[in-house]
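The stops below are meant to be selected in the order given.

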Amino acid sequence: MQFKDNKAIYLQIVDRICDSILNGSHPEGSRIPSVREYAAEVEVNANTVMRSYEYLQNHEIIFNRRGIGFFVSDEAKSIILSERRESFMANEIDYFFKQLVSLNISAEELAQMYNHYKEKQK
């Protein structure tokens, strides 16, 4: 896995796991790879993956069944979406709107671009 320099590696792993939950690769209730398996997959130290798993556990996205492994919680998708929405609204929306204004992009133009984007995603 290629990591960016502007964000802690364990948080990038958290994002990757959350993305896989949202896209259905790891459905709610399913087992996720062990710490060692995931560390080998993304080529990082197992302690880094453990830190990611602890973060996810603290946010109730995954849970541990002793002796069996880590599983995706039944509320994982809604928790991830809620946290990402909150983060977007708190940290990015002002910059987004400033860019729209500075680039003179109207609400109508934005709506067209958004609808076009949604159509391409289908």
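The model is predicted: local features need pLDDT of at least 70, side-chain atom pairs count only at pLDDT 80 or more, and totals for chains, interfaces and linings use all residues. Residues are numbered from 1 along each chain as its sequence is written, and side-chain values use heavy atoms, with hydrogens and water left out.

**Helix α4**

Select residues 76-91, which form helix α4; helices (H or I, at least four residues) and strands (E, at least two) are DSSP runs numbered from the N terminus. The 16 residues of α4 reach 22 Å from first to last C-alpha, close to the 22 Å expected at 1.5 Å a residue (1.5 Å times one less than the number of residues).

Next, colour A76, I79 and I80, which are buried (under 20% relative accessible area; exposed is over 50% and partly exposed in between, with a 1.4 Å probe and protein chains only). Looking down the axis of α4, the buried residues fall within an arc of 95°, so they line one face of the helix; the arc is that of the directions from the helix axis to the C-beta atoms. Their cover includes α1 (9-22) and β2 (69-72). On the other side of α4, L81, R85 and E86 are exposed.

**The largest pocket**

Show D15, Y55, E83, R84 and S87: among the 14 lining residues of the largest pocket, these lie nearest its centre. A pocket is an open set of points on a 1 Å grid over the protein atoms alone, where a 1.4 Å probe fits, with protein on both sides within 12 Å along at least five of seven lines; lining residues have an atom within 4 Å of a point. Helix α4 gives the largest share of the lining, 6 residues.

**I13 in α1**

Select I13, in helix α1. I13 is buried, with a relative accessible area of 0%. Beyond neighbours within four places in sequence, I13 is in contact (heavy atoms within 4.5 Å) with F3, Y38, V42, V44, T48, V49 and S52. The C-alpha atoms of I13 and F3 are separated by 9.0 Å.

**Two loop residues**

Most residues other than glycine have a negative phi. Move to E60, in the loop between α3 (46-58) and β1 (62-65), where phi is positive, about 60°. Finish at N104, in the loop between α5 (93-102) and α6 (107-121), with phi near 55°.
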